[in-house]
Amino acid sequence: MTPANTRTTLVKLTGVSKYYGNIRALEGVSLEVAAGEITCVLGDNGAGKSTLIKIISGLHRHDAGSFEIEGEETVLANPRAALDRGIATVYQDLAVVPLMPVWRNFFLGSEPTRGRGPFRRLDVGLMRETTRAELLRMGIDLRDVDQPIGTLSGGERQCVAIARAVYFGAKVLVLDEPTAALGVKQSGVVLKYVAAARDAGLGVVLITHNPHHAHLVGDRFVLLKRGVMAGSHTRDSITLDELTRQMAGGSELDELSHELARVAQSPQGTGDTPYDQAAHRPADRTPRDERDA
Amino acid sequence: MSGASLPADERLAPASLARRLLGRPELGAVAGAAAVFVFFSFAADSFLRAASLSTILYSASTIGIMAVPVALLMIGGEFDLSAGVMVTTSALVTSMFSYQLTANVWAGVAVSLLVTLAIGLFNGFMLVRTELPSFIITLGTFLMLTGLNLGFTKLISGGVSTQAIGDMEGFPSAKALFASQWDIGGVTLKVTILWWLALVALATWILLRTRAGNWIFAVGGGADAARAVGVPVVKTRIGLYMGVALCAWISGQHILFSYDVVQSGEGVGNEFLYIIAAVIGGCLMTGGYGSAVGAAVGAFIFGMTSNGIVYAQWNPDWFKFFLGAMLLLATLLNAWVRKRAEARA
């Protein structure tokens, strides 16, 4: 762990803005990512989370403000440049190429080769073995690294992508809604790997709209709303309830608590609930959970 | 092996071989080729003769040389409808440049290579620049090249075909490279068969054992994911179109040096034969999946069918019907096989 007095800031955004034509996607956003820390970016759909990570990962350039990597002002030309500076991004939907085998996905874009000249070729043996070993290290025991990665569950795919970033020596890991499409159990598995990456000394940017997941692992929290910052907190200065409240806010929160109250009632099974218990049970078991079991 | 110590292998072992075969993109094509072969062996007496096989291999090679880069392009998620006429363009450029401007056909061959690669570059550049569907862009190139082929030929030679260049310097050596043939035990083998097999081997090597091959699969299977991990998507796409152009050049030189004249209207419709061969060979229309060997088998099926109908003394008018039916069957078989292969999770 990095002691507090020797925190090394890896990425620092100050007053960053991004416009698409006359649409303000992001304005005056500041955030800091330090080694061995998790910075959570929270916000509802359309809050500017995606735009923010696209700037950090080199897909878009910011229009105003400053973007520093390890204290050096930077404009990233493309994702390759971001990778070269140690910033790896794992996207929710497009982390992997589904039809390709796991081992080809693991090394995609950074394939090791052997031989020279026209005989320069992929080091297939190394690629297969490394993939298997690295995934096993993260607790994913694959039957076959040759299977198309699309046959893995959503959580496993996220974990492969994270394992890949860690293996290739990323200093900063940007995770775009890694738990958004996952069941409870798989979300837990992914969050465990996020924490493992942090313990390995990486700086992590975790994008999420789930304050519960964020508060479980986060050290700092940046709240976005309609493209501007709605708050910036450290873990010590905010409770989960407060974080949830800030994210939802006002009438939305009332509605949420109303819904939560109804959910809390139903398991008691008092007999006058609108749902028959037996008919209700199968719906709790999503296909995803079954695959995971 | 470290793999042997892992318990994971126990689960893998039982269904391994059958599953692995099912997972190969070529499987549908190989099954189809076997069926067509058996069928014509019974339907046509002369089908199994050595001379017939050499003819079949030759027509397979003329389609196969182009089916290989077209398959790579389709694995990369794109189409090239200009591939058929590009072959003719390439032959016309060699012929007319040599005849009009120099005394040596090799100069024309070199200029043709540059021109054809430039057309491939144009296709690729337009694709990555405009981000329009490749179907539309190469349809445009197809029409433009068709017009240019006819227009320039009439303008320069006054007819729809080029002047004969058979008596020009360098013709024999160029013919040896692009259109020679050998008699081995009474069987004529054309050099295109060697070109074809070499290209299949090269393409397979590139696809399965080089970084570029990994990128081709990735660009076709998920371009955004590929870009996000640093794959040079633009370069890969342009490279694929230039690969098609390179093979169109080889094909074009073969046509020219086989006959020494070129008909300017040739090649139209061949682009579909290349695509059919690639699809029969297991390439997905949506990209990200397929093989060069499969495309070669697809071309072989084409060669067997087109000649088998003649040997069986049927009316060749029916050929296209068989080709169409085969395309549908192969696609259905491929879809079924892939579903089985992916359902193993």
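Predicted model: local features only at pLDDT ≥ 70, side-chain atom pairs only at ≥ 80, totals over all residues.
At what angle do helix H5 (residues 83-101) of chain B and H12(B) pack, and how far apart are their axes? The angle is about 55°, and the axes lie 7 Å apart. That makes H5(B) oblique to H12(B). The crossing is right-handed.

**Overall build**

Chain B holds 15 helices and 2 strands. Its C-alpha trace spans about 70 × 55 × 40 Å along the principal axes. The radius of gyration of chain B is 21 Å. A compact globule with 345 residues would have a value near 20 Å, so chain B agrees with that expectation.

An unreviewed UniProt entry carries the annotation "transmembrane region" for chain B. According to that record, it covers residues 27-44, 56-74, 105-128, 135-152, 187-208, 240-261, 273-306 and 318-337. Two of these spans can be described further. Residues 27-44 of chain B are 94% helix and 0% strand. Their end C-alpha atoms lie 26 Å apart. Residues 187-208 of chain B are 82% helix and 18% strand. There the end C-alpha atoms are 34 Å apart.

**Helix pairs**

Two packed helices are described by the angle between their axes and the distance between the axes.

| Helix pair | Angle | Axis distance |
|---|---|---|
| H5(B) and H12(B) | about 55° | 7 Å |
| H8(B) and H12(B) | about 125° | 8 Å |
| H6(B) and H7(B) | roughly 145° | within 10 Å |

Start with H5(B) and H12(B), the right-handed pair from the opening. H5(B) contributes B:Ala83, B:Met86, B:Val87, B:Thr88, B:Ser90, B:Ala91, B:Thr94 and B:Ser95 to the contact. From H12(B) come B:Val244, B:Ala245, B:Ala248, B:Trp249, B:Ser251, B:Gly252, B:Gln253, B:Ile255 and B:Leu256. By class, this contact has 10 nonpolar, 7 polar and no charged residues.

H12(B) (residues 233-259) also packs with helix H8 (residues 171-179) of chain B, at about 125°. The angle makes H8(B) oblique to H12(B). Their crossing is left-handed. On the H8(B) side stand B:Ala174, B:Lys175, B:Phe178 and B:Ala179. They meet B:Gln253, B:His254, B:Phe257 and B:Ser258 of H12(B). The residues divide into 4 nonpolar, 3 polar and 1 charged. B:Gln253 of H12(B) takes part in the contact with H5(B) and in the contact with H8(B).

Helix H6 (residues 105-130) and helix H7 (residues 134-157) of chain B cross at roughly 145°. The crossing is right-handed. H6(B) makes the contact through B:Ile119, B:Phe122, B:Asn123, B:Met126, B:Leu127 and B:Thr130. H7(B) answers with B:Ser134, B:Ile137, B:Thr138 and B:Thr141. The contact has 5 nonpolar, 5 polar and no charged residues.

**Contact with chain A**

How many residues of chain B are in contact with chain A? There are 24, and they touch 28 residues of chain A. Which elements give two or more residues to this side of chain B? They are helix H1 (8-12), helix H10 (211-221) and helix H11 (223-228). The chain B side divides into 11 nonpolar, 7 polar and 6 charged residues.

Notes. Residues numbered from 1 in each chain as written. Chains lettered and ligands numbered in written order. UniProt positions renumbered as here; feature names shortened; annotations may be inferred. Helix = DSSP H or I, 4+ residues; strand = E, 2+ residues; numbered from the N terminus. Contact = placed C-beta atoms within 7 Å. Nonpolar A, V, L, I, M, F, W, Y, C, P; charged D, E, K, R; others polar. Axes fitted to C-alpha atoms, helices over the stretch in contact; angles between N-to-C directions. Parallel < 35°, antiparallel > 145°, perpendicular 65-115°, else oblique. Left-handed = near helix turned anticlockwise from the far one by under 90°. Rg over C-alpha atoms; globule rule 2.2 N^0.38 Å.
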